[in-house]
Amino acid sequence: MTHVSPLRSCQNGSAKTVLIVYAHQSAGSFNAAVKTAAVDELKKQGCRVLVSDLYEVKFKATATEDDITGAVKNPEHFCYGNETMLAWQEERLASDIVDEHKKLKEADLVIFQFPMYWFSVPAIMKGWMDRVLTLGFAYTLEKRYSEGIFRDKKAMLSFTTGSHETMFSSNGINGDMNVTLWPIQNGVLNYCGFQVLAPQIFWAPTHLSPEAREGLLEGWRTRLQGLLNEAPLTFPPADIFDKGKGFQLKPEVREKQADSPFGLTVGHHLEKPLPPQSQMKAGV
């Protein structure tokens, strides 16, 4: 169901480029250690690694008219999406957005490294998504989901939590992590066409011993050795939705799913139990 590009490891064929979009204020944080481990391991494999350190460069998080050089088309009713698409077409976007566009165009894989804030990404990283994933450059109404502009690229979330894993279960107080991940993994990454790799979650590292944290880092280094060859998570292709009927699932798809004990995805659950671990593991 998911488009898969022939993305090989950095050691095979031409070198692959990996962009790490990193959001943490402290160079002494566990997130910093995770980012450094990724940079070092990927470079060992021969990858070209780019890092956008959002706090270091004081990345602007707000989507405003300042993202456009020159006059806007409709100053009385500013529409960010339309105005920035026009500015992109006319090469009038702010320089920091242009810089990130260049990195993103070159990247074969994008890793978002961050501490989970309020069940989502930090505001500065959300600002990166809001401003850099420009209409026209990253998606259009015709080019999204499985037909998206970035369908030959991979992306993934790598993050730390403040709560233990048990708290993010279907019986836990925070609720199912698969549900928490759906808006970002489907609504941002898959929407833009990315092949979404399973997330790397570091559960509550502040509650662990230094030895246990080092064990987490070692597990991450091991995964990185085969990361570029991993199969992505499964999302439904765009063509199973009927454009002429409000992008509803086609009747034949619903009929095929009728005998399944689970819904199609976290979002397309069809009033059935959610498919287990579908936002956490590939192939489910």
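**Cysteines, salt bridges and a helix**

A search of the whole structure turns up zero disulfides (a disulfide being a pair of cysteine sulfur atoms within 2.5 Å). Cysteine 79 is in none; the nearest cysteine sulfur, in cysteine 192, is 17 Å away. That is too far for a bond. Cysteine 192 counts as buried, at 3% relative accessibility, while cysteine 79 is partly exposed at 33%. Buried means under 20% relative accessible area, exposed over 50%, and partly exposed in between (1.4 Å probe, protein chains only).

This is a predicted model: local features need pLDDT of at least 70, side-chain atom pairs count only at pLDDT 80 or more, and totals for chains, interfaces and linings use all residues. Residues are numbered from 1 along each chain as its sequence is written, and side-chain values use heavy atoms, without hydrogens and water.

Now the charged pairs. The whole structure holds eleven salt bridges (a side-chain nitrogen of Lys or Arg within 4 Å of a carboxyl oxygen of Asp or Glu). One of them joins arginine 131 to aspartate 67, with the closest N and O atoms 2.8 Å apart. Arginine 131 sits in helix 4 and aspartate 67 in the loop between strand 2 and helix 2, so the pair ties together parts 64 residues apart in sequence. Helices (H or I, at least four residues) and strands (E, at least two) are DSSP runs, numbered from the N terminus. Arginine 131 is buried, at 1%. Aspartate 67 is buried too, at 0%.

Turn to helix 6. Its buried residues are Leu217, Trp220, Arg223 and Leu224.
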